[in-house]
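Subject: Structure handover

Hello,

Here is the structure for your set, with notes on what came out of it below. Please read the notes alongside the coordinates.

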Amino acid sequence: MTPDAFAAIMDRAYVQMRPWSAQDIADTLANRHVQFLTHPQGGLIAQLVADECEILAIATNPDAQRQGIASALMQDLIALAETRNAARIFLEVAEQNHPARAFYALHGFAPLGMRRAYYTLRNGTKDDALLLSRPVAQRHAHDTPTSQGT
Ligand SMILES: CC(C)(COP(=O)(O)OP(=O)(O)OC[C@H]1O[C@@H](n2cnc3c(N)ncnc32)[C@H](O)[C@@H]1OP(=O)(O)O)[C@@H](O)C(=O)NCCC(=O)NCCS
């Protein structure tokens, strides 16, 4: 998916939030730590650095929401985070963004903290950002068995 195509989906999907421009998306994708997971009707941009994974953007075309598209992208990200040995996935979500908060809760994200008046919404008002995280299963734990028995 091109930055233009994802910008068009974000523009339709981000009801309260200010959407990213195609240039914002292109600039973000130029970072070598950034991954862009896509579906014809949706996308997810995440950054994986050291043992942390952060979701920077996720959106599904409003015509295709509630069909499991974002969930499939999230499952792909969780699998990627596991292979990269990330310990946690983080993200920020606007306090008033109830659909996204329901989606993240379903995927095991829990609140870590809040950033007051962090976002300026499309209507010019401010909203708090909730910082959410979920743990990632450690696939490559180095739990070498000992020969000592119990
Ligand atoms: C959040 C978003 C990405 C979810 O995309 P989606 O493809 O519709 O998500 P899914 O179909 O995988 O939804 C999975 C579950 O999440 C929850 N959920 C998703 N959208 C919801 C909504 N509008 N209201 C309540 N729960 C919702 C439901 O439990 C849903 O399962 P169900 O449909 O069986 O009830 C989409 O609503 C969106 O693009 N929102 C605008 C962009 C945005 O706010 N992104 C997050 C910024 S932090």
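A117 sits in strand β5, where helices (H or I, at least four residues) and strands (E, at least two) are DSSP runs numbered from the N terminus. The phi angle of A117 is near 50 degrees, which is a positive value in a residue other than glycine. A117 is exposed, as 10 other C-beta atoms lie within 10 Å. For burial, a residue is buried if 20 or more other C-beta atoms lie within 10 Å of its own, exposed if 12 or fewer, and partly exposed in between, with C-beta atoms placed from the backbone.

Two notes on conventions. This is a predicted model, in which local features need pLDDT of at least 70 and side-chain atom pairs count only at pLDDT 80 or more, while totals for chains, interfaces and linings use all residues. Residues are numbered from 1 along each chain as its sequence is written.

R66 also has a positive phi in a residue other than glycine, near 65 degrees. R66 belongs to the loop between β3 and α3, and it counts as exposed, with 11 C-beta neighbours inside 10 Å.

Overall layout

The protein has four helices and six strands, and along the sequence they follow the pattern α-α-β-β-β-α-β-α-β-β. Its C-alpha atoms fill a box of roughly 65 × 35 × 30 Å, taken along the principal axes. Of the 150 residues, 25% are buried. Two residues are in contact if their C-beta atoms, placed from the backbone, lie within 7 Å. Among contacts between residues at least 6 apart in sequence, 56% join residues at least 24 apart.

Ligand shell

Which residues come nearest to the ligand? Of the 20 residues around it, they are T60, Q65, A70, S71 and P99. A residue is near a molecule or strand if its C-beta atom, placed from the backbone, lies within 6 Å of it. β3 (52–60), α3 (69–83) and α4 (98–106) each supply at least two residues of the shell, and α4 gives the most, with five residues. By class, the shell divides into twelve nonpolar, seven polar and one charged. Here Ala, Val, Leu, Ile, Met, Phe, Trp, Tyr, Cys and Pro count as nonpolar, Asp, Glu, Lys and Arg as charged, and the others, Gly among them, as polar.

Helix pair α1 and α2

Two packed helices are described by the angle between their axes and the distance between the axes. The axes of α1 and helix α2 (residues 22–29) come within 8 Å and cross at roughly 125 degrees. This makes α1 oblique to α2. Axes are lines fitted to C-alpha atoms, for helices over the stretch in contact, and angles run from 0 to 180 degrees between N-to-C directions. Angles under 35 degrees count as roughly parallel, over 145 as roughly antiparallel, 65 to 115 as roughly perpendicular and the rest as oblique. In the contact, P3, D4, F6 and A7 of α1 meet A22, I25, A26 and L29 of α2. The residues of this contact comprise seven nonpolar, no polar and one charged.

T2 lies in the segment before α1 (3–13). T2 is exposed, with 11 other C-beta atoms within 10 Å. The C-alpha atoms of T2 and I25 are 23 residues apart along the chain and separated by 9.1 Å.

Contacts across the sequence

Is F109 buried or exposed? With 24 C-beta neighbours inside 10 Å, F109 counts as buried. F109 is placed in the loop between α4 and β5 (110–120). Leaving aside neighbours within four places in sequence, F109 is in contact with Y104, L132, S133 and R134. The C-alpha atoms of F109 and S133 are separated by 5.0 Å, at 24 residues apart along the chain.

E82, in helix α3, is partly exposed, with 15 other C-beta atoms within 10 Å. Q75 and H107 are 32 residues apart in sequence and 8.8 Å apart in space, C-alpha to C-alpha.

Regards
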